[in-house]
Amino acid sequence: MDLSNSNTAKNLEAAFGGESMANRKYLFFAEVTKKLGMSELSKLFKDTANQETEHAFAHFRLMHPELVVDDAKSLTEKQKKAIAARCLELAVEGETYEYETMYPGFTEEARADRDGKAVAEFETQEAESREHAEMFRKATHNFGLLTNVENHHARQYTEALETLNGKSAPHKKANDDPATQKWICRQCSMIYDPVVGDTDSGIAAGTAFKDIPEDWHCPICNATKKTFVPYEL
């Protein structure tokens, strides 16, 4: 059932937010009452917080059925990566909203209210959200790189199987055009494509491998540039 743009979708999001907020509040209350020596009350808050988490998860599953995993063993690696990538997309979206819109707006309102402590807190949270978003973006980027690596591995195994079954090994040759010649890391099989570049490392699209700075490292395994060799196809 498509719940997008419906009142139910909005209500699910509101319910998810409410249950999530209750979870964090009750955990805070549990910490406070524990410090006060009220262990039974602290346990009550903690147990209730765990239940609120389950309620929030139930709402979130309805909001994002594409993320529901009933049997991970039945999923292909491609399907697993697609789900993980979607999680990262949502994480980037949330953190970006926080540092671009939410906290800057809160900071300005706190300044207008002359609340110095709130200004400092919001500015700190804005910086942390920006950092989190960048980490999630990098993880998303690495998933894209790993997709090419796994494709390379699959091709290798396919060729090995064909050779085992009597087929002649394919003749491979590296592309000699620097503008399109790909290079592969001997340590992790990350494939550098000059058409795409490595923007997360400051290497613009269209940068030939020979023009990459010598201090550049593989974005997956951190191997040096010297570890790469021409990729033969």
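What does its side chain meet? The Asp 47 side chain forms a salt bridge with Lys 43, at 2.8 Å from N to O. A salt bridge here is a side-chain nitrogen of Lys or Arg within 4 Å of a carboxyl oxygen of Asp or Glu. Lys 43 counts as partly exposed too, at 47% relative accessibility. Both residues sit in helix α2 (residues 39-63), four residues apart, or about one turn of the helix.

A word on where this comes from: we are looking at a predicted model, where local features need pLDDT of at least 70, side-chain atom pairs count only at pLDDT 80 or more, and totals for chains, interfaces and linings use all residues. Residues are numbered from 1 along each chain as its sequence is written, and side-chain values use heavy atoms, leaving out hydrogens and water.

So how confident is the predictor? pLDDT is its confidence in each residue, from 0 to 100. The protein has a mean pLDDT of 84, with 91% of residues at 70 or more. Confidence is lowest in helix α4 (residues 116-164), with a mean of 73, and highest in strand β3 (residues 228-230), at 94. Helices (H or I, at least four residues) and strands (E, at least two) are DSSP runs, numbered from the N terminus.

Back to the salt bridges: there are seven by this rule. In helix α3 (residues 77-112), Glu 89 and Arg 86 lie three residues apart, and their closest N and O atoms are 3.4 Å apart in a salt bridge. Glu 66 joins Arg 86 and Glu 89 in a network of salt bridges.

Next, Lys 225 pairs with Glu 214 in a salt bridge, with 3.1 Å between the closest N and O atoms. Both are in the loop between β2 and β3, 11 residues apart. Are they buried or exposed? Lys 225 is buried, at 8% relative accessible area, whereas Glu 214 is exposed, at 57%.

Last, the sheet. Three strands form an open sheet in the order β2-β1-β3, with antiparallel pairing. The edge strands, β2 (191-192) and β3, each pair on one side only. Two strands pair if DSSP finds at least two bridges between them; β1 (residues 183-185) and β3 have three.

Note on methods:
pLDDT is the predictor's confidence in each residue, from 0 to 100. Buried means under 20% relative accessible area, exposed over 50%, partly exposed in between (1.4 Å probe, protein chains only).
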